[in-house]
Amino acid sequence: MNNPWQFFNSMEDMIFIVKVKEDDSFVYEFANQAAIKESFVTEDFHGKTFDDFFPPEKAQFLLEQYRKVIAVKEPVTYNDTFLSATGFHQYARTRLSPIVDDAGQCNYVVAQVKNITKEKIAEVKMKEYSERLIANEQKYESLFSYNFDAIFFINLDGYIIDGNEAVEKVTGYPLQDLIGKHYLAFVLPEENEMAIEKFHHAGKGGFHEFQGTFIGKGGKLVRSMIKLSPMIIHEKIVGVYAIIRDMSELLDTIRRLKESEQRFRIIAENTMDMIVLTDEHYTVTYVSPSCEILIGHSPESFIGESLFRQIVSEDRDKVKWQMMKAVEERKNCKIQFRNHNKEGEIVWLEMAGTPVYCDSTDKLSHFVLVIRDITMQKKYENRLKNLALHDPLTNLPNRRLFDKYLLQSFQPSGSEQRKLAVMMMDMDDFKMINDTYGHDIGDKVLIEFAKRIESCLRDTDIAARLGGDEFAILLPEIASVHDAEQIAERIQNKMREPWMIDHYQLNVSTSIGIFVINKDEHLTPHSVVRNADKALYKVKNTGKMSYSITENNRIPS
């Protein structure tokens with residue numbers, strides 16, 4: 001008699017058939033040829049348990065996953081590792097599917113194991129990711145390649161993997177001499193603890209700016225302003241950007257300025273940064289010629305004017321307060337603020353200020369300010385933040401941002417008896433589109449799908465892509481269930497319109513699950529999404545191409 005599982009031998013993925021015994025234990029029943037070739041399977045595997053093949057911790061993990069499948073009688077997917085037949089650790093994505101008989105009893109579990117080792121290897125190649133990011137964001141190329149500051153890409157283990165052309169100018173080392181070296185090799189021993197703490201925090205998503213010393217070529221100590229920020233690719237922190245500005249010359253310049261105003265003017269008139277002197281009342285007494293290049297105004301137009309005249313009004317009080325605090329505490333200050341240029345445009349500036357005191361009275365004599373344009377840097381930082389909160393394919397909010405909007409929508413709006421709704425939706429048979437036409441067409445379908453959704457929404461509604469072909473919609477203000485039904489019907493009708501992607505005529509439909517609650521009800525965002533998911537599953541199980549709507553007060557207890 002033929003083995004009923006033999007047809008699995010034609011599949012490229014590893015397939016295991018696991019039998020569920022009466023005591024809810026599990027034994028291996030079948031493994032296809034791919035599994036025998038690539039995995040732990042031996043000739044006598046039939047009838048053996050997880051404990052026969054795996055360490056206790058791994059066996060317990062598998063037992064929990066299989067029990068979950070039996071409990072929910074729905075597929076379960078998880079990622080783990082396995083030891084290949086050649087003895088190498090491999091990464092796998094496993095999908096467990098229950099086989100349920102007419103009586104509702106789960107007798108077998110089919111484990112489909114896909115080897116995703118190549119994907120995992122690609123994930124850790126941060127240099128490729130960073131190069132791809134730079135290629136996709138060409139307008140920021142000058143910020144990296146032509147920056148006067150040294151920019152390093154450092155992986156989460158602390159090793160330098162790339163940098164810009166300014167690295168050699170700032171450190172004295174050719175970039176190739178630094179790649180593969182640990183950053184601590186260039187930090188003074190007494191600054192190690194501070195550097196480790198700030199690097200670790202940046203690797204967790206924080207931003208840091210601090211003064212430190214870089215050990216350059218030949219032991220030269222480069223006094224630096226160091227900025228650390230997370231390297232975020234595809235919503236995942238994969239390393240740290242380190243921007244090192246050589247402050248040695250500037251610090252020496254400030255020291256010399258105190259000794260000789262004549263020397264100050266010679267240096268100030270030949271620097272790219274704008275150097276400003278104010279009196280004790282913050283009235284401008286000197287501006288370097290680079291002022292005209294930086295913000296378009298002539299130096300003469302500032303003389304005798306308040307330093308704060310061109311600063312955006314919202315930032316003015318902050319700048320004043322930080323400068324007065326620096327005077328009081330006898331410390332330097334560093335302030336970022338927005339300023340109007342000659343054309344009335346807003347530019348971001350960074351000002352390093354040093355209060356200078358009169359020797360005879362010990363009171364403030366004047367301020368020495370070094371100002372530079374950081375507009376491109378701010379745009380780049382904002383772009384990184386945007387990438388962390390949006391889907392790169394459709395530019396819709398991602399799950400993290402959607403959850404934030406959903407949480408905010410629970411806050412009182414002042415409207416009595418108002419409701420909100422969450423729609424969970426996906427494309428029917430999207431996998432078939434990918435398999436038939438390829439992922440390039442699949443991506444274009446996802447982009448068009450997102451556009452059609454947005455065209456059906458009100459200004460206050462929010463659409464998000466959660467992953468794959470899974471989308472969510474937040475209706476933060478609706479008067480009744482009928483409002484949600486109307487939007488769902490608009491979306492369904494929009495999807496029925498003709499689809500022409502790269503000369504392919506496609507049929508695309510969607511299933512929608514909707515959950516509606518009163519805004520004053522005390523439910524967590526997680527429970528709202530979960531109930532919308534349940535409504536979606538109901539549609540999927542009853543024929544697709546439709547929607548199902550549930551109100552909180554109609555959920556069965």
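Is Phe186 buried or exposed? In this predicted model, Phe186 is buried, because its relative accessible area is 8% and the cut-off for burial is under 20%.

The protein contains 18 helices and 22 strands. Of its 557 residues, 47% count as buried. Contacts between residues at least 6 apart in sequence were also examined. Among these, 52% join residues at least 24 apart.

Aromatic rings form 21 pairs in the model. One of these joins Tyr173 and Phe186. A pair of aromatic rings is described by the distance of the centres and the angle of the planes. For Tyr173 and Phe186, the centres are 5.6 Å apart and the planes stand at 70°. The pair is edge-to-face, because an angle over 60 degrees counts as such. Tyr173 sits in the loop between α6 (166–171) and α7 (175–178). Phe186 belongs to the loop between α7 and α8 (192–203). The pair therefore ties together parts that are 13 residues apart in sequence.

Seven names make up one aromatic cluster: Phe16, Phe26, Tyr28, Phe50, Phe53, Phe54 and Tyr66. Phe50 lies in the loop between α1 (33–38) and α2 (56–72). Its relative accessible area is 5%, so Phe50 is buried. Phe50 and Tyr28 are 22 residues apart along the chain. Their C-alpha atoms are separated by 8.2 Å.

Charged side chains also lie over aromatic rings. Arg309 lies over the face of Phe302, at 5.5 Å from the ring centre. Arg330 lies over the face of Tyr357, at 4.0 Å from the ring centre.

Strands of a sheet pair through backbone hydrogen bonds, either parallel or antiparallel. Within this sheet, 6 bridges join β6 (residues 150–155) to β10 (residues 236–246). Ile154 stands opposite Val240 in β10.

A hairpin is formed by β11 (residues 274–279) and β12 (residues 284–287). The two strands run antiparallel and are joined by 3 bridges. Thr278 stands opposite Val284 in β12. The hairpin has 4 residues between the strands. Tyr282 takes a positive phi near 70° there.

Strand β16 (residues 419–427) is largely enclosed by the rest of the structure, because 9 of its 9 residues are buried. In a regular strand the side chains alternate between the two faces of the sheet. In β16, Lys419, Ala421, Met423, Met425 and Met427 point one way. Leu420, Val422, Met424 and Asp426 point the other way. Residues on both sides are buried.

Strand β16 pairs with two strands described here, β18 and β21. To β18 (residues 470–478) it is joined by 7 bridges, and the strands run antiparallel. The bridge partner of Met423 in β18 is Ile473. To β21 (residues 510–518) it is joined by 9 bridges, again antiparallel. Here Met424 has Gly513 of β21 as its bridge partner.

Helix α15 (residues 430–437) and helix α16 (residues 439–455) also meet. Their axes come within 7 Å and cross at roughly 140°. The two helices are therefore oblique to each other. On the α15 side, the contact is made by Phe430, Ile433, Asn434 and Tyr437. On the α16 side, the residues are His439, Ile441, Gly442, Val445 and Leu446.

Note on methods. Residues are numbered from 1 along each chain as its sequence is written. This is a predicted model: local features need pLDDT of at least 70, side-chain atom pairs count only at pLDDT 80 or more; totals for chains, interfaces and linings use all residues. Side-chain values use heavy atoms; hydrogens and water are left out. Two strands pair if DSSP finds at least two bridges between them. Rings of Phe, Tyr and Trp (its six-membered ring) pair if their centres lie within 6.5 Å; planes under 30 degrees apart count as stacked, over 60 as edge-to-face and the rest as tilted. Buried means under 20% relative accessible area, exposed over 50%, partly exposed in between (1.4 Å probe, protein chains only). A charge sits over a ring if NZ of Lys or CZ of Arg is within 6 Å of the ring centre and within 35 degrees of the ring normal. Axes are lines fitted to C-alpha atoms, for helices over the stretch in contact, and angles run from 0 to 180 degrees between N-to-C directions. Angles under 35 degrees count as roughly parallel, over 145 as roughly antiparallel, 65 to 115 as roughly perpendicular and the rest as oblique. Contact means heavy atoms within 4.5 Å.
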